Amino acid sequence: MYAALWRALPGPVWVRLLLALLALAAVVVVCFTWLFPQLAPLLPLNDPDVRG
């Protein structure tokens with residue numbers, strides 16, 4: 001999968017590396033801006049209630 005993505009990127013190696021890093025940064029920003037805040041109420045990570 002990563003090899004196919006690498007081959008799909010245009011330009012020489014340094015341009016491909018820059019584009020890959022920019023794409024990774026964009027994914028991280030999208031996750032922290034929209035995805036994780038939407039999932040936070042559904043995950044009981046900070047729930048102090050212990051049932052058992």
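A helix here is a DSSP run of H or I with at least four residues, and helices are numbered from the N terminus. Keep in mind that this is a predicted model.

**Stop 1: the whole chain.** Select everything. The protein chain has two helices and zero strands. Its C-alpha atoms fill a box of roughly 55 × 20 × 15 Å along the principal axes. The radius of gyration is 18 Å, whereas a compact globule of 52 residues would have one near 10 Å. Now show the surface. Of the 52 residues, 4% count as buried.

**Stop 2: helix H2.** Select residues 13-39, which form helix H2. How far apart are the end C-alpha atoms of helix H2? They are 36 Å apart, which agrees with the 39 Å that 27 residues should span at 1.5 Å a residue. Next, pick Cys31: a kink of about 45° in H2 is centred there.

**Stop 3: the largest pocket.** Select Tyr2, Leu5, Trp6, Leu9, Leu19, Ala20, Leu21, Ala23, Leu24 and Val27, which line the largest pocket. Helix H1 (2-8) and H2 are the elements that each give two or more residues to this lining. H2 gives the most, with six residues. The volume of the pocket is about 180 Å³. While looking along a helix, recall that an α-helix has 3.6 residues a turn, so residues three or four places apart point the same way.

**Stop 4: Phe36.** Select Phe36, which lies in helix H2. Is Phe36 buried, exposed or partly exposed? Its relative accessible area is 39%, so Phe36 is partly exposed: the partly exposed range lies between under 20% for buried and over 50% for exposed. Phe36 and Leu24 are twelve residues apart along the chain, and their C-alpha atoms are separated by 16 Å.

Definitions and conventions:
Residues are numbered from 1 along each chain as its sequence is written. This is a predicted model: local features need pLDDT of at least 70, side-chain atom pairs count only at pLDDT 80 or more; totals for chains, interfaces and linings use all residues. Side-chain values use heavy atoms; hydrogens and water are left out. The radius of gyration is taken over C-alpha atoms; the globule rule is 2.2 Å times the number of residues to the power 0.38. Buried means under 20% relative accessible area, exposed over 50%, partly exposed in between (1.4 Å probe, protein chains only). The expected span of a helix is 1.5 Å times one less than its number of residues. The bend at a residue is the angle between axes fitted to the seven residues ending there and the seven starting there. On a 1 Å grid over the protein atoms alone, a cavity is a set of points where a 1.4 Å probe fits but cannot get out, and a pocket is an open set with protein on both sides within 12 Å along at least five of seven lines; lining residues have an atom within 4 Å of a point. Grid points are joined across faces, edges and corners, and a volume is the space filled by probe spheres set on the points.
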